Amino acid sequence: MDDFERAIIISFDQTGGIDPQLKAQAAAYCQQVKQSPSISQLCIQRFSASNYAEVQFWCLQSLEEIVKLRYTSLDQQEQLFIQNSVMSFVCMEGIENGLNHQSSGLERPVFVKNKLAQIFAILIFILYPARWPSVFLDLLSAVGKGPVVVDMFCRIFNALDDELISLDYPRNSEEISIAGRIKDAMREQCVPQIVRVWYDLVVFYKDSRPELTAMLLETVRRYVTWIDISLVANDSFIPILFEFILSEQRSSVLRGSAANCILAIVSKRMDPKSKISLLRQLQVGRVCGVVLGKEDSEFTSRLGALVTGFAEEVLECARKFDSNEIPNETPAVKEVITEMLDEVMPSVFYFMQYGTEDGDSNTQQFLSNYLSRMKATSPLNGKQMVHIEQILEVILARIHYDPMYRDPLNIPDTVGKDEEEKMAEDRRGLFQLFRSISHVAPDVTQSFVRNTLAASLGSSETSFEDIEASISLFYALGEGVSEETMKNDNGPIGEIFQLLLSAQVPFHFHRVVALVYLETITRYVRFVQQHVEYIPLVLPAFLDQRGIHHPNPDVSGRASYLLMRVVKALRAQLVPFIDEILQSLQDTLSRFTQLDVNSSKENAQGFEDGSHTFEAIGLLIGMEEVSVEKQSEYLSALLVPLCQQVNILLANAALQDPVESAAKVARLQRVISAINSLSKGFGERLTTTSRPAVGIMFKQTLDVLLQVPLAFPNNKLLRSKVISFLHRMVETLGTAVFPYLPRAMEQLLVESEAKEMADFLVLVNQLICKFKAAMTGILEEVFPFIASRVFAILPKDGIPSGPCSNTEEIRELQELQKTFFNFLHATTSYELSAIFLVPKNSGYLKEIIQLLISAACSHKDILVRKSCVQVFIKLIKNWCTMPNEDEKVPGFRSFIIENFAVSCCFYSVLDNTFELRDAHTYSLFGEIVVAQKVIYEKCGDDFLLHLARNIFPAIQCPKDVAEKYCLDLKLCDVKDLKSIYKSLVERIRMQQNGSMAFR
């Protein structure tokens, strides 16, 4: 090994055992060698002489760069030397000038052979046909030298396809043109000879070298798309391809390559008449039917792809026949097409059931298209009905879990979770196909589901997998069922639903079965709405050991949520069952109403926080259909003990040790969540007008819960829970909540940080939007607390930005700022801006205005900028006055003219980052135009004078253009002014060339 070879081997080292500095020196040395004037001769000489694969590859890589980048600039002698040398390497001949080939082609690694093939393909790209017309004939004459040359022969044709011909890769127009030139020359000169050699080589090597034969067939597959189809679809090639497919003694790789070749022939683009003749000749369905059940797994995917591809082509012919795209054809052609479809369908069903995941999507897409044709050509015939039943059988088989996962799915570990996710993904496409069938043949589909479910429920040998799959099928059926079907008293849906509800479901203790059982009942709640006689069968499913009392916490928790959905759907129809429901839930509710406050155990067995259960109860007892007495009794029985629990948990809160305090905080959270959820069933009209006694109970509850922030002032989670409850009370109590708001707001603002402050402002915005002007007094009281806390939290010099600012703390500050802008927007939109002018609040006005104008001019969120401009528009309308009137806000008028109009309405828009083609930015632009119009309407000629004397000269706007714009501003409406201002901005930008000196 000399220094040259040593440097290359070091530079290619991937072990990490070479000193980085040494590796860098080696790479620099190799790069220096590449600059040598005789580099091509060196590469050819060293490739021929070296036994090291790394050296051979480096030489070919360097030679490839020469051929690609500067071959045409080399002198003719050197070009010919490279051409002859590469041909010699391919054909295993000795090199001229006495060099011997010490590196046998048999020993070359695949990556070296592929690189050599790529260089040869590039030479074809450059030289064929004008300067090397015999290149393909030269290759053909060399294949008799043995398998090594045949191997390179295949790699060269494959590389030519990859580098130039195949349209599977993006090509520019020049490459497409050159590819067309090469293909035309090949068709005229040598394609038949090439195909004949392919065939001869396949026959010669099929027994002695099956892997080489497979490689040859892969090459044939690539070229079928553009050569004359008769060269391969003939009595020579087709029989040998099917011989390979049918022979179990052949290697799976060779059989798969033969299947790929047939698929390429089947998929060849041609006129429909020729395609039908070709497909009929091939008889793929009949041939593949012979090998079903006998093939190995490696061969399965390729044979499945062939069957599906053939079926797709037959179906496309059928579509063209149906749409009269095949001229002058008789019904006999349709019979041929139908016969081919019938012949291939059993194979399609087989591969859908037993094939690989890779082919699933293609098979499902074909079957979806097949069903679409059925729907278009209805009514269905007997054969089609049989096919539909077969597809349903296959779907049922495919959605079965593997029995080996039964235990991991019940108490899911990693294996169980992975299998559940995988099945959910697999079922997505299968259920989509199932829904298509239910649209094409609803009666057949419903009958199939009924029979499947009946068989599963009625057999003593039913497995967990059978029952889960049959219920899942009924669940999937419910997605596409029409309202008319749901209303049908005597239809199959009712029969299936009653069958499911009345039967003792096997394996109901298994988590997966229990979950799909409850989900299915919930999906058919629309049917129960139309048929209330099923309610006595539906409710126990959620209330007994099948649902909320199921031993598996996943099932019981999900049952609570699904019960809430059922209650929400049926509500008034459940009034006669309220006592029964509450009695069944007594033990669940007692976990909250009879809490063991001295226990330090945390939520053992993972039971859910009760929110869904309490929401379901609230929806039930919060209806006006419930009598006044009963309603008060139900509500009191829940709220009184819950509030007692809060009072007990708050007692001596300040004296508790950290462990005890944490346990009580966790319980408080659950109790508050339960009360919050319970209140969702009670509306404002009921609590304030029709049944005020109910409202009084919620007011008393609010009094209790407002003590929580006082007892735990630094607990963010409890503060958030109380804010959430206040949100609910706004909707539940309406204006009756007003007396509680000042105290509540003051307590919630104490020690609040960015996230809690943002949550609080969301509550305030809700209050403003709901109560509008009625909030004036409350806002005047709480605004100093809001403003002081917001400005204490937000950084004085702005929120940091840049690559290091993507932290949770920064995101919380950004959200607070955005929510504060929303608060200012809501305040001004509902004519509440006077609260800023109250003496105790006016001290914050300057900071608010500075924050607004900074955001309006340069905030990175365009929607925030738009919101801030809208705030200014409202303030201008409310606070600006004409010159002869007293100012409402001293100095505001001049600020708007001299600062806001300049910075926001002109400078920010002229900045080249203001992208007028962006939809959101253009919407902001529209608001800025509105702002200009409003400023003129409120400030009159003072604004125009400032434009003419200060703004337009600063932005170098021509005087005549400036005068015209001032006139347009006076006379035009906003719509016309928007277009005029856009033109002005574009003109000034072009004049400034995107650079604003004044900025």
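Cysteine 905 is buried, its relative accessible area being 0%. In this predicted model, cysteine 905 takes part in no disulfide, and the nearest cysteine sulfur, belonging to cysteine 904, lies 5.0 Å away. The structure as a whole holds 0 disulfides. A disulfide requires the two sulfur atoms to lie within 2.5 Å. Cysteine 868 also counts as buried, because its relative accessibility is 0%.

Isoleucine 896 is located in helix H45 and counts as buried, with a relative accessibility of 0%. Apart from residues up to four places away in sequence, isoleucine 896 touches Phe872, Ile876, Cys880, Ala901 and Ile935. Between isoleucine 896 and alanine 233, the C-alpha separation is 82 Å, and the two residues are 663 residues apart in sequence.

Phenylalanine 136 is in contact with Ile124, Tyr128, Phe157, Leu160, Met186, Cys190 and Ile194, when its neighbours within four places in sequence are left aside. Phenylalanine 136 also belongs to an aromatic cluster, formed together with Tyr128, Phe153, Phe157, Trp198, Tyr223 and Trp226. Aromatic pairs in the structure number 42. One of them joins phenylalanine 925 and tyrosine 981, whose ring centres are 5.4 Å apart and whose planes meet at 5°, so the pair is stacked. This pair links distant parts of the chain, since phenylalanine 925 lies in helix H46 (residues 919–939) and tyrosine 981 in helix H49 (residues 974–992), 56 residues apart. Phenylalanine 925 counts as buried at 0% relative accessibility, and tyrosine 981 is buried with a relative accessible area of 1%.

Serine 438 is found in helix H21, which covers residues 414–440. The relative accessible area of serine 438 is 11%, and the residue is buried, as the cut-off for burial is under 20%. The side chain of serine 438 reaches the backbone oxygen of arginine 435 at 2.6 Å. With residues up to four places away in sequence not counted, serine 438 touches Thr445 and Leu477.

Aspartate 360 lies in helix H18, which runs over residues 357–376. With a relative accessible area of 10%, aspartate 360 is buried. Met352 and Arg398 are touched by aspartate 360, not counting residues up to four places away in sequence. The C-alpha atoms of aspartate 360 and glutamate 615 are separated by 43 Å, and these residues are 255 residues apart along the chain.

Methods:
Residues numbered from 1 in each chain as written. Predicted model: local features only at pLDDT ≥ 70, side-chain atom pairs only at ≥ 80, totals over all residues. Heavy atoms only, no water. Contact = heavy atoms within 4.5 Å. Phe/Tyr/Trp six-rings, centres within 6.5 Å; stacked < 30°, edge-to-face > 60°. Helix = DSSP H or I, 4+ residues; strand = E, 2+ residues; numbered from the N terminus. Buried < 20%, exposed > 50% of the residue type's maximum accessible area, 1.4 Å probe, protein only. Polar contact = N/O pair within 3.5 Å; in protein donor to acceptor, adjacent residues only side chain to side chain.
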